[in-house]
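Me: I would like to go through this model and check what each label rests on. Please set the values against the definitions.

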Amino acid sequence: MENPSPAAALGRALWALLLATLGAAGLPRGGESVCSARAPAKYSITFTGKWSQTAFPKQYPMFRPPAQWSSLLGAAHSSDYSMWRKNQYVSNGLRDFAERGEAWALMKEIEAAGEALQSVHAVFSAPAVPSGTGQTSAELEVQRRHSLVSFVVRIVPSPDWFVGVDSLDLCDGDRWREQAALDLYPYDAGTDSGFTFSSPNFATIPQDTVTEITSSSPSHPANSFYYPRLKALPPIARVTLLRLRQSPRAFVPPAPVLPSRDNEIVDSASVPETPLDCEVSLWSSWGLCGGPCGRLGAKSRTRYVRVQPANNGSPCPELEEEAECVPDNCV
């Protein structure tokens, strides 16, 4: 029996590698479950903003612009695609969305992923919410090879902060989940170093990864989400997905929670009251010591309130202090 030539052996090896690659292209990556649900499924997605002045009193934006949410942008996709991920760098498109609410570049990135890898099945969006509290909704479709859902919503105003979901799997083995609900918390896209809702643009160089904003991180008193008395922030939003059994026309979404005039959630009983402690400035320099000759005089110094207390937070201390002294120019 003749031995195969080196060229023939190489050809067989390349062919085997090609078959293996093609066979694995449609399967989830290692460690991920395989969805075997047959027919596609349709869902309603409802985003509920919970960003109220009661829950988040520190530096709450009241005007130019007031607290609000951008439009929701999402995709139904496979495990080959990632819109965003904690501890990873965001794309240029997501940077533009998180910083300025511009969706064009992100849409092009999603479209390119769908064409090149066939990893995106559908794109969905929902209108913006013009206040910190309120609802917006949309419908989406998932299928066996594209059972994951991701989306982002920008926090407005903010440097580059957003909320969202990364690769939520709506498939459970051979069936679709009937519903899914998640509380949402703020994330920093890692592209702007602003600390407050209204911070001017200050690019992060080099770019950082996506990090979750907590009550103690970033650990800077100027940060708009810095509440050192809290172990964890209350949820700033919530998303609910419900499977649609019938025609979308037959689906009646839940009644939206409308904000009142002062931008508070109407059902205040369900809103956590986040205590905000008073914050004062440093003491000023001591003033001149005044008084009659031969006797002790008095001097004073002052400080001012930087943050007024709210929701039973610690009250402000004294803003003026006096001390005895020897007069500088006695009378």
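Me: What is the mean pLDDT of the protein, and how many of its residues reach 70 or more?

Reply: The mean pLDDT (the predictor's confidence in each residue, from 0 to 100) is 84, and 82% of the residues reach 70 or more. This is a predicted model, in which local features need pLDDT of at least 70, side-chain atom pairs count only at pLDDT 80 or more, and totals for chains, interfaces and linings use all residues. Residues are numbered from 1 along each chain as its sequence is written, and side-chain values use heavy atoms, with hydrogens and water left out.

Me: What makes β1 and β12 a pair?

Reply: Two strands (DSSP runs of E, at least two residues, numbered from the N terminus) pair if DSSP finds at least two bridges between them. Strand β1 (residues 41-50) and strand β12 (residues 237-243) have seven, in the antiparallel sense, so they count as a pair. I45 has L241 in β12 as its bridge partner.

Me: Why do β4 and β9 stand at the edges?

Reply: The open, antiparallel sheet has the order β4-β1-β12-β9. β4 (133-142) and β9 (179-184) each have a single partner strand, so one side of each lacks a neighbour in the sheet.

Terms used:
Helix = DSSP H or I, 4+ residues; strand = E, 2+ residues; numbered from the N terminus.
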